[in-house]
Amino acid sequence: MTLDLLQFSPEVAAARAAGTAIVALESTIITHGMPFPQNVEAARAVEAEIRAQGATPATIAVMGGRILIGLTDQQLDDLGQAKAVMKISRADIAACIARGAVGATTVAATMICARLAGIDVFATGGIGGVHRGAETSFDISADLPELGETAVTVIAAGAKAILDLPKTLEYLETKGVPVIAYGQDAFPAFWSRDSGLKAPLRMDTAAEIAAAQLMRTRLGLPGGQLVANPIPVESEIPRAEINPAIEQALAEAEAQGIAAKEVTPFLLQRIFELTEGRSLVSNIALVLNNARLGAAIAREIVKQRG
Amino acid sequence: MTLDLLQFSPEVAAARAAGTAIVALESTIITHGMPFPQNVEAARAVEAEIRAQGATPATIAVMGGRILIGLTDQQLDDLGQAKAVMKISRADIAACIARGAVGATTVAATMICARLAGIDVFATGGIGGVHRGAETSFDISADLPELGETAVTVIAAGAKAILDLPKTLEYLETKGVPVIAYGQDAFPAFWSRDSGLKAPLRMDTAAEIAAAQLMRTRLGLPGGQLVANPIPVESEIPRAEINPAIEQALAEAEAQGIAAKEVTPFLLQRIFELTEGRSLVSNIALVLNNARLGAAIAREIVKQRG
Amino acid sequence: MTLDLLQFSPEVAAARAAGTAIVALESTIITHGMPFPQNVEAARAVEAEIRAQGATPATIAVMGGRILIGLTDQQLDDLGQAKAVMKISRADIAACIARGAVGATTVAATMICARLAGIDVFATGGIGGVHRGAETSFDISADLPELGETAVTVIAAGAKAILDLPKTLEYLETKGVPVIAYGQDAFPAFWSRDSGLKAPLRMDTAAEIAAAQLMRTRLGLPGGQLVANPIPVESEIPRAEINPAIEQALAEAEAQGIAAKEVTPFLLQRIFELTEGRSLVSNIALVLNNARLGAAIAREIVKQRG
Ligand SMILES: [Mn+2]
Ligand SMILES: [Mn+2]
Ligand SMILES: [Mn+2]
C-alpha cells in the first residue's frame, strides 16, 4: 500500500524493471541551496554525471500527495521555481504528503523515500550533524539517527565544518553508524579534504563499500552507512583557507544575534561572500564527485547481489 | 500471545467489536497526580467527556499480571486508593507485569499499551521532556523517544514550563517526531497557551491530524505524533503570571537542595501553593480539553480508515 | 540467510540441538583486556564456571568472514595471540565480517551476535557507559543504545567507576532499558559493590530476572536488560579505597594530555598499578561471578519457556 504513494519517473521505472543501478538524489539542494536557474542546471549536471557512470539518477521530492522518485524535466523545472516549499525531514514528511504540499527532501527524508523505493545508494553534498553549541542547544540534525535506522548508503563529502565534527563522529559511533572515509584515513570536512579527525573506517573501493552494506543487511542490522568522500584536490579549499572564513562568519553570527534556524543559512552565505564564491564552486564539484562514487557503489551492489 | 496479557473492560471490548473510536488515558495522573477521591472524580469526568464526544475512554493500568485496557468502576476506585503503586515506563513495565504488581502508566507506558491494544489516540495533560539542567544531568524523559517509536497520536497541552522547552523541541526534531500545535502557531506550555516558541507544524482540524497519522503509518514510519493543544483561554494562567511562580519554585528547590526525582513533585506542589490552587484547576481543564480533541481525532481516524 | 554467517562450535551446536541453556561471552576481554597467556587462562576459567553451573559457554568472535559462536580450544588460543584484532561494535561488525578480518566483540557486538544465534543471556565484566566529560565530548558507548534494541539479558558488575555513573543511569532510563540490581538496592560500581546510586529495579532471584525478560519479549518490546551483579564481598575493592586511585588516574590523564580513545586504557593501567594488581584480580572474580549468575538465568529461561 505504500507503493501507491510512490510515483516513479519513466526513466527510473525502466531502471527498476531492468534491475540496473539507481542513485537517489535529494531536493533541498535545489529548493534551498541555489537560486533558479543555477539550481536546475546543477541538478541536471549531477543527474548527467550519474548516467555517464552507468547508473540512473532518481531525484526525490514530494508533490501532489505523492513521493516522486525521479523527476521529469518539467517537474524539475517546476520544483526549481516553486515557492513556499517545505523542507521536509522524518518529522514532517507524512504531514507534507497528507496535505498535498510541495516538499523538498533533506538527507533524512531522502533516505526514507529511497528505502521505500528500494534504492540502496544516495549521493549528496554534506550531511547534517551536531551543531556547534549543541551541548547547550541540543541542536542535532535528524540526519544522524536516520543513518542508524534506514538502510541506505549515503555518499557525502563529510559534514560541513560549520558543525561540530568531533561531536558528530561521537554521535554516529553511539548510534552504531559506519563512517567510512573513502581512499584516505582522515574524515573529510566538505570544502576541505581533511578535517584533522581520523575516520573510524577506511575503504578504498566501491566494491568494499557495497559488500559492507550487503553484509549489514544480511546481519539484520537496520541503518545505512556514511561514506565520507573527500572533495577532489583541484576543487578543495584547504582547511587553512576555509577555517578563517568559517570563524569570521561564526563571530559575525554571534555579534549580530543570529540564532536557531537562521544560523546555517547565514553562515553559508557569509562563507560564500568571504571566499568570493569559491565555496559554491567547491560545493558543486563535490556533489558531482559524490554522484560518481555513488554510481560506482550502486553498480557494485547490483553486481554483488547477483 | 501478547493479547493474553490485555484485559479489556466490557465497555472497551464492545467498542472494539463495533469498530468505534477509542481514546486511551494514562493512570499516573490518578495515582501520583491528585489525592483520593479527587483523583477518581477527575478521572471519571475525563472519561465522561470522551463519551460525550462519541468515543470510548480506555484508562490503562497494570494489575494482577495483566494490562487493563479500560477500568471498571471498581477497578478505578481500587486504583485511586492503592498504595505503593509503581509508576511505570518502558524500562519497567515488563517487570511490573511479571511480578504481578500494581502499575500506573506514564505517557511512554500508556503509548506502549495503547499500541498493543490497537488504540491510535491517547489524551493526557502534559508529556515529559528534557529537564532543566539536562546539559549536565542528562535527565530526559523516556516519553520523548517513545513518541519516535510507537504509533500513537498523543494529545497534550504541550510540556510543563518547569521543563526546558527549547531543548525538548530540539530533541523531538532529532528523533523525527511530528510536533503539531493545534489551531495556533505557538507551542503551548501547559498552563499557558503560548510558550514563546513556534511549533514545527500547525494543524487546525482533527481531520488533518488523523490524516497525518494514517499517512505516517502508510509510509512504514514507526512513531506517533505529539499534538500540542493549548489550554482553553478561560482556564489558562498566562506566562506573565505562571512564570514568576515557576522561577520561585525553582529557586526554592535549589536553595533547599531538592534533587533528582524529588524535583518535579516539589515544583508542582509549590506552584500549586503559589497559584493558590489555580494550577490544579487549570490542569483538570486542559485534560478535559485534550480528551475532547482526542475523541474528535479518534473518530476521524475510524472514518478515514473506512 | 543470516544463519550461514554463524559458525557454531561443536559444544554449542550440541546445546542448541538439546535445547539447553547457553551463555554468551565477549572476546574483547581476551584480545584487549589481558596479555597472553593470562587472557586465555581467564577465558577458560570463565567457560568452565558456566559448564559447572549446568550451561554451555559461547564465546563470540569474528574470524574468516563468519561469526564464531563458541570457540574451539585452537580458536581460543589463536585469538588470544592474534595481532591487529579489530575491536568491533555495531558500527563496524559488518565491515569486519565482509573483509574477513579478525574481530573481538564488545558488549554491543556480542549482544547482536548472541541475538542472531538465539542466545538470551550474556555475561561480561562491565558495560560501556557515558564517559566523564560527555556533556562536552558527547562520548557515549554504543553499548547503551544496544541494550535498548537487542533482546539479550546482560549480566555485568555495573559500569566502571571511571565512567559517569549518574549520567549512564539517566541515559538508560531515557532509552527504556531495565537496570536491575541483583540482591541489593544499590547500583554496583564494578570493583565496588555500591556506587552510592540506587538502581531503578531490584531482583533477588534468577527466576525473576528470567521472567522479566520473557515478559518483555511477549510485550513485543525490543531490547534487553542490564543485570548489575555486585562483585563478591571477598573480592571487592570498597569505594573508599578504589576512588582515590580513580581520582589520581584521572588527574594524571588530564595532566599528561591523554585524550579520546587513549583515556580508558590509560586509566585502567594506572588503576592496576595504583592498586598493586588488585584491580585485575577483582576483575576476574567479578566476571566469574557474572558467569555463574548468567548460567542460572539462562537455565531459568529454558525452564520457564517450557
Ligand atoms: Mn536542528
Ligand atoms: Mn528522568
Ligand atoms: Mn566512545
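By what turn and what shift along the axis can chain C be laid on chain A? In this predicted model, the superposition requires a turn of 120° and a shift of 0.0 Å along the axis, and it leaves an RMSD of 0.0 Å. The two copies are therefore related as by a three-fold rotation axis. Within chain C, the C-alpha nearest the axis belongs to C:Glu135, at 3.6 Å from it. The surfaces used by the copies differ, in that 10% of the contact residues of chain C recur in chain A.

The interface of chain C with chain A was examined next. Contact is made by 29 residues of chain C and 24 residues of chain A. The area buried between these chains amounts to about 2,200 Å², with 62% of it on carbon and sulfur atoms. On the side of chain C, the residues that lose the most area to chain A are C:Arg90, C:Ala91 and C:Phe138, which together account for 29% of what that side buries. Three salt bridges are counted between chain C and chain A; one of them joins the side chains of C:Asp4 and A:Arg218, with an N to O distance of 4.0 Å. Polar contact, with both residues at pLDDT 80 or more, is found for six residue pairs across this interface. Helix 5 (93–98), helix 6 (107–116) and helix 7 (134–137) of chain C each contribute at least two residues to the side that touches chain A, and helix 5 of chain C gives the most, with five residues. By class, this side of chain C comprises 17 nonpolar, four polar and eight charged residues.

The interface of chain A with chain B was described in the corresponding terms. Here, 29 residues from chain A and 24 residues from chain B take part in the contact. About 2,200 Å² is buried between the two chains, carbon and sulfur atoms giving 62% of this area. A:Arg90, A:Ala91 and A:Phe138 supply 28% of the area that chain A buries against chain B, more than any other three residues. Two salt bridges are found across this interface, including that between the side chains of A:Arg99 and B:Glu208 (3.2 Å, N to O). Six residue pairs, both members at pLDDT 80 or more, are in polar contact between chain A and chain B. The side of chain A that touches chain B draws at least two residues from each of helix 5 (93–98), helix 6 (107–116) and helix 7 (134–137) of chain A. Of these elements, helix 5 of chain A provides the largest share, five residues. The composition of this side of chain A is 17 nonpolar, four polar and eight charged residues.

How values were computed. Residues are numbered from 1 along each chain as its sequence is written. Chains are lettered from A and ligands numbered from 1 in the order in which they are written. This is a predicted model: local features need pLDDT of at least 70, side-chain atom pairs count only at pLDDT 80 or more; totals for chains, interfaces and linings use all residues. Side-chain values use heavy atoms; hydrogens and water are left out. Contact means heavy atoms within 4.5 Å. Buried area is the accessible area (1.4 Å probe) that two parts lose on being put together, summed over both. A polar contact is a pair of N or O atoms within 3.5 Å; within protein, one must be able to donate a hydrogen and the other to accept it, and residues adjacent in sequence count only if both atoms are side-chain atoms. Helices (H or I, at least four residues) and strands (E, at least two) are DSSP runs, numbered from the N terminus. Ala, Val, Leu, Ile, Met, Phe, Trp, Tyr, Cys and Pro count as nonpolar, Asp, Glu, Lys and Arg as charged, and the others, Gly among them, as polar. Copies are superposed by least squares on the C-alpha atoms of residues with pLDDT of at least 70 in both.
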